[in-house]
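Please view the sequence and the model together.

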Amino acid sequence: MVMLAMLMFLISACNLPTSSSDAKEQFSLCTRSRVSYTVVANLSDEAYNALMDMDYKRARQIYEEIISGTDNEFERLEACIGMMRLCYRVSANREFYDYRTNAERSMQRIKNEKVFSDSAIVERLGLLQLEYNIVSANYFAAMGLYEEYSAAAQMVCDFPETAD
């Protein structure tokens with residue numbers, strides 16, 4: 001109940017779109033001048049939900065729109081990881097490796113920026129790296145690539161626990 005109240009407060013206080021169609025409309029309007037974080041976050045959530053609903057066409061469209069429509073490396077990284085998950089599910093092996101390479105490049109760009117003054121940024125990068133390694137480990141296990149699976153799984157196991 002508390003989470004719902006917090007969500008409703010954030011929606012009203014931050015003027016967030018309340019439906020996926022509102023988020024898409026805002027995204028389309030903002031693509032020329034680049035996208036705000038809240039719009040991309042809403043689209044990223046919508047793409048993840050489409051992926052979980054097995055609406056792969058819609059998920060692909062949204063993730064590709066995010067990748068091409070934002071300069072924010074964190075959002076691009078999250079979308080690339082989402083595309084890795086989608087490619088794994090639809091057996092698009094070559095695309096999986098393309099998006100995996102793009103995700104690695106995004107992580108490297110983020111690390112090179114060295115703007116880690118905020119602990120939330122460090123934590124978000126860590127969680128995105130963890131998600132990247134989990135998706136990679138699942139893919140490698142399914143493909144029977146056990147050496148790569150071991151390396152990715154070890155990265156997941158070595159991930160430091162965060163205090164809640």
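Y97 is partly exposed, with a relative accessible area of 34%; buried means under 20%, exposed over 50% and partly exposed in between (1.4 Å probe, protein chains only). The model is predicted: local features need pLDDT of at least 70, side-chain atom pairs count only at pLDDT 80 or more, and totals for chains, interfaces and linings use all residues. Residues are numbered from 1 along each chain as its sequence is written, and side-chain values use heavy atoms, without hydrogens and water.

Y97 and F140 form a tilted aromatic pair, 6.5 Å centre to centre with 40° between the planes. Rings of Phe, Tyr and Trp (its six-membered ring) pair if their centres lie within 6.5 Å; planes under 30 degrees apart are stacked, over 60 edge-to-face, the rest tilted. Because Y97 lies in helix α6 and F140 in helix α7, this pair ties together parts 43 residues apart in sequence. F140 is buried, at 3% relative accessibility, and Y139 is buried at 2%.

## The aromatic cluster

The whole structure holds six aromatic pairs. One of them, Y97 with Y139, is edge-to-face, at 5.7 Å between centres and 85° between planes. Ring pairs join Y88, F96, Y97, Y139 and F140 into a cluster.

## Helix α6

Buried residues of α6 are F96, Y99, R100, A103, S106, M107 and I110. They lie on the same side of α6 because they cover an arc of only 120° around the axis, taken from the directions from the helix axis to the C-beta atoms. The face turned away from the buried side carries exposed R94 and N112.

Key
Helix = DSSP H or I, 4+ residues; strand = E, 2+ residues; numbered from the N terminus.
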